[in-house]
Amino acid sequence: MLRGGIDIKKAAAIITRGGIAAFPTETVYGLGGDATNPKAVAQIYNAKGRPGDNPLILHIADPDDLYKLTDSPPAYAKALSDAFWPGPLTMVFNKKLDLPTWLGGHPSGTTKTIGIRMPSHPIALELIRVSGCFVAAPSANKAGTPSPTKAEHVIADFADGSIDYVLDGGLVEVGVESTVVDVTGSTPIILRPGAITAHMIAKVTGIMPQGSFSSKTAPRAPGMKYRHYAPKAPMTLLVGNDSDIAKYISLYIDKNKKTGLLITADVEALFDSFNNNSPTPYLLPLGHTQEIIAQNLYDNLRQFDRLGVDIIYAQAPNEEGIGTAILDRMKKAAEGRVIHA
Ligand code: TXA
Ligand code: MG
């Protein structure tokens, strides 16, 4: 049986000998293996059930290791690594030509670019240092389930024994995956929004990044085209002010369905007054700051799975700061079901 623990040396030894160990980062838990070992990398893809055309992020513990993987990154990328590494930022570079053509992706394929990130979580940094290799790590969930923000989420997804160990660091700090930025051109392009926002990138580089994560444009990060982050029950995202959302839920809630609600205490208070006769829904509080909403989002979605609800309504947060990333994940979880209440 897969168990969590706090033995960094053990996890590093597993990675060094070609096995897979999950570990906490500040964003979400990662499924770590030696990025230069094709067997380990193939095992990551197998364990996760990830399509081979979706590349992996390589994790480093020393910012200068970047230069082992890429030649002459643009000046603005250096500014970004100085400002945000270690931290929740992944940059996609052109890969050095003398590296294995598959490195950064599935061993049976080829990639020209490579995603690199230096995480800030002390356990992650220590693990990478002791492992002594580039640690390839996708989020430590099965493809299609919400990313793990607690060790128990990893254990739930990999009860099949397809990974060797989980380092337990408790609840992560950020809660949504890193911002992914393509830095192969003259302008940074945000492939996946995260805690490092477009505004923060513009401030540091003097260049407003392009964003291609909108639902209207074709996906640029291969991972963005797959079904993602979804709880088991269908979820609908509710956009609007508190009283309109409360009214919508009261009017349209189906009393024959086990309903999960992810709403703020303010909406809950209004909702009570609208809704005296309905059965009690399963209510999880949407936090009052963007940071708390992000930190708990995936745990909330997984709780709805455990409660076995039939249908979920989630309140959309403001789009400021990390709100862009939260909304992006919520929209994906809702698979396009968005209602303007
Ligand atoms: O916060 C995170 O980034 C977490 C922690 C563990 O570091 N990792 C993570 O990995 O979220 P993953 O594999 O679940 O998501 C990586 C995303 C995918 O959408 C993938 O397509 C994209 O980054 N990506 C990776 N390498 C890329 C590349 N060379 N070019 C374009 N997109 C890339
Ligand atoms: Mg993922």
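Colleague: How many residue pairs are in polar contact between domain 1 and domain 2?
Modeller: In this predicted model, the count is ten residue pairs, both residues at pLDDT 80 or more. A polar contact is a pair of N or O atoms within 3.5 Å; within protein, one must be able to donate a hydrogen and the other to accept it, and residues adjacent in sequence count only if both atoms are side-chain atoms.

Colleague: And how many salt bridges are there between domain 1 and domain 2?
Modeller: Three, where a salt bridge is a side-chain nitrogen of Lys or Arg within 4 Å of a carboxyl oxygen of Asp or Glu. Separately, Arg-329 and Glu-177 meet through their side chains in a salt bridge, at 2.8 Å from N to O.

Colleague: What area do the two domains bury between them?
Modeller: About 1400 Å², 56% of it on carbon and sulfur atoms; this is the accessible area (1.4 Å probe) lost on putting the two parts together, summed over both. In domain 1, Pro-146, Val-176 and Pro-193 lose the most area to domain 2, together 34% of what that side buries.

Colleague: Which numbering and thresholds apply?
Modeller: Residues are numbered from 1 along each chain as its sequence is written. Local features need pLDDT of at least 70, side-chain atom pairs count only at pLDDT 80 or more, and totals for chains, interfaces and linings use all residues.

Note on methods. Chains lettered and ligands numbered in written order. Heavy atoms only, no water.
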